[in-house]
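Me: I am new to this structure and would like to learn how to read its features. Please take them one by one, with the general idea before the case.

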Amino acid sequence: MAGVPTLILFLCTVKDVLPSNSRWKPTWPSYKVPVILPQSTLNLDKPQFDAETKLEVVSSCGLECHKRSPLPTYEEVKDYLSYETLYANGSLVETEVGIYIISRGGDGSQSRSRTKRQIYGYDSRFSIFGKDFLLNYPFSTSVKLSTGCTGTLVAEKHVLTAAHCIHDGKSYVKGAQKLRVGFLRAKMKDGSKGANITSSTMPEKMKFQWIRVKRTHVPKGWIKGNANDIGMDYDYALLELKKPHKRKFMKIGVSPPARQLPGGRIHFSGYDNDRPGNLVYRFCDVKDETFDLLYQQCDAQPGASGSGVYVRMWKRQHQKWERKIIGIFSGHQWVDMNGSPQDFNVAVRITPLKYAQICYWIKGNYLDCRDG
């Protein structure tokens, strides 16, 4: 067992990068993904659902703080990637996991504050209007949670969001048991809902249609670590809906290094609470990164938490451009940059281990989760 931690860390940091062709297309790397499988389950007491929903997470452990943190041991990683599953009837199950390698033969300051702490200079966000944009990919993959956050469609019945939208690190939030996911629909002047909208029919307004959540997965890394430095690294959760949503979704992918992102930029859309009822899109450069987090200054407000961070790159195997979710927008950090506090918005990166976990939650079969 002594060699396992080194092997896992090697696996999670070394990748088989496919080279770009002569046209210099930014190409999705090919990652070797480990296998994460359930080992045992334990029924827990029903939650109290007494926590207040926090639409943003603020942390003072910034870039250098994370870089100074010791690497987790194999047992710690297993502990962080174990998870709780909350069902709609209020029952709660804890699942311990195992991590396997299968060969295929080949401190910032907290003292400063401001009202709009997540807007940087000129507000560069774009409100998305009109059915031709809102109801079409990729904007149609953004959904609203009844707890006030944003989520992203990542499968026929699954939504990826931030863990803090469901659980505050100590308890599940009010409304988590009866969690719903809202889909923007066009409401027509005659009262019908615009599932199939013709160009000659103009919607009067956009409204949300809600679907109940069947179960929710939250990693123990968030529950155990929210009070310390590693908590933000695991600020993600997966929701399974009670029925298929029948929309095009965006697949998840392992986050490439920032230097390999097209233009060094990321994109995400969310329901910022200062623009109620509007879907807000933004893009910006990644300023820095750790193994688990992306530091950027995309303009955002509470309510955008849980948005899927995505990029568009060339998929060599399929010979086409493809968008993938590579992270989850989490919240805000003050970061000590050369002795001067600077504020960043932070996204949780989908690492090979997180990809293996989330993919298994979606697919239920590790054989479908071997390529990130």
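Reply: Start with accessibility: a residue is called buried when its relative accessible area is under 20% and exposed when that area is over 50%. The model here is a predicted one. In it, Gln319 has a relative accessibility of 53% and therefore counts as exposed.

Me: Where is Gln319 found, and what is its phi?

Reply: Gln319 is in the loop between β15 (308-315) and β16 (320-337). Its phi is positive, about 55°, although Gln319 is not a glycine.

Me: Is Lys246, with its positive phi, buried or exposed?

Reply: Lys246 counts as exposed, because its relative accessibility is 81%. The loop that holds Lys246 runs between β11 (237-241) and β12 (265-270). Its phi is about 65°, and Lys246 is not a glycine either.

Me: Which two residues does a cis peptide bond join?

Reply: Look at the omega angle of the bond. Tyr137 and Pro138 are joined by a cis peptide bond, with omega about 5°. Pro138 sits in the loop between α4 (131-134) and β6 (142-145).

Me: Now the disulfides. How many does the structure hold?

Reply: The general idea is a pair of cysteine sulfur atoms within 2.5 Å. The structure holds three such disulfides. One of them is formed by Cys149 and Cys165, whose sulfur atoms are 2.2 Å apart. This pair links distant parts of the chain, 16 residues apart. Cys149 is in the loop between β6 and β7 (150-153), while Cys165 is in the loop between β8 (158-161) and β9 (180-187). Both Cys149 and Cys165 are buried.

Me: Why is the disulfide of Cys149 and Cys165 called left-handed?

Reply: The torsion about its S-S bond is about -95°, so the disulfide of Cys149 and Cys165 is left-handed.

Me: What is the S to S distance between Cys284 and Cys298, and what parts does the pair tie together?

Reply: The disulfide from Cys284 to Cys298 has an S to S distance of 2.0 Å. Cys284 lies in strand β13 and Cys298 in the loop between β14 (293-296) and β15, so the pair ties together parts that are 14 residues apart in sequence. Its S-S torsion is about -100°, so this disulfide is left-handed. As for accessibility, Cys284 is buried with a relative accessible area of 11%, and Cys298 is buried at 1%.

Me: Which residues do shared partners join into one network?

Reply: Salt bridges with shared partners join Glu84, Glu94 and Lys220 into one network. Between Glu84 and Lys220 the closest N and O atoms are 3.2 Å apart; between Glu94 and Lys220 they are 3.0 Å apart. Glu84 is buried at 7% relative accessibility, Lys220 is buried at 7%, and Glu94 is buried at 15%.

Me: Last, the confidence. What is the mean pLDDT of the protein chain?

Reply: The mean pLDDT is 81, and 76% of the residues reach 70 or more. Over residues 105-117 the pLDDT stays under 50, and the model has 23 contacts for them beyond four places in sequence. Residues 195-203 also have pLDDT below 50, and this stretch has 14 contacts in the model beyond near neighbours in sequence.

Technical notes. Residues are numbered from 1 along each chain as its sequence is written. This is a predicted model: local features need pLDDT of at least 70, side-chain atom pairs count only at pLDDT 80 or more; totals for chains, interfaces and linings use all residues. Side-chain values use heavy atoms; hydrogens and water are left out. A salt bridge is a side-chain nitrogen of Lys or Arg within 4 Å of a carboxyl oxygen of Asp or Glu. Buried means under 20% relative accessible area, exposed over 50%, partly exposed in between (1.4 Å probe, protein chains only). Helices (H or I, at least four residues) and strands (E, at least two) are DSSP runs, numbered from the N terminus. pLDDT is the predictor's confidence in each residue, from 0 to 100. Contact means heavy atoms within 4.5 Å.
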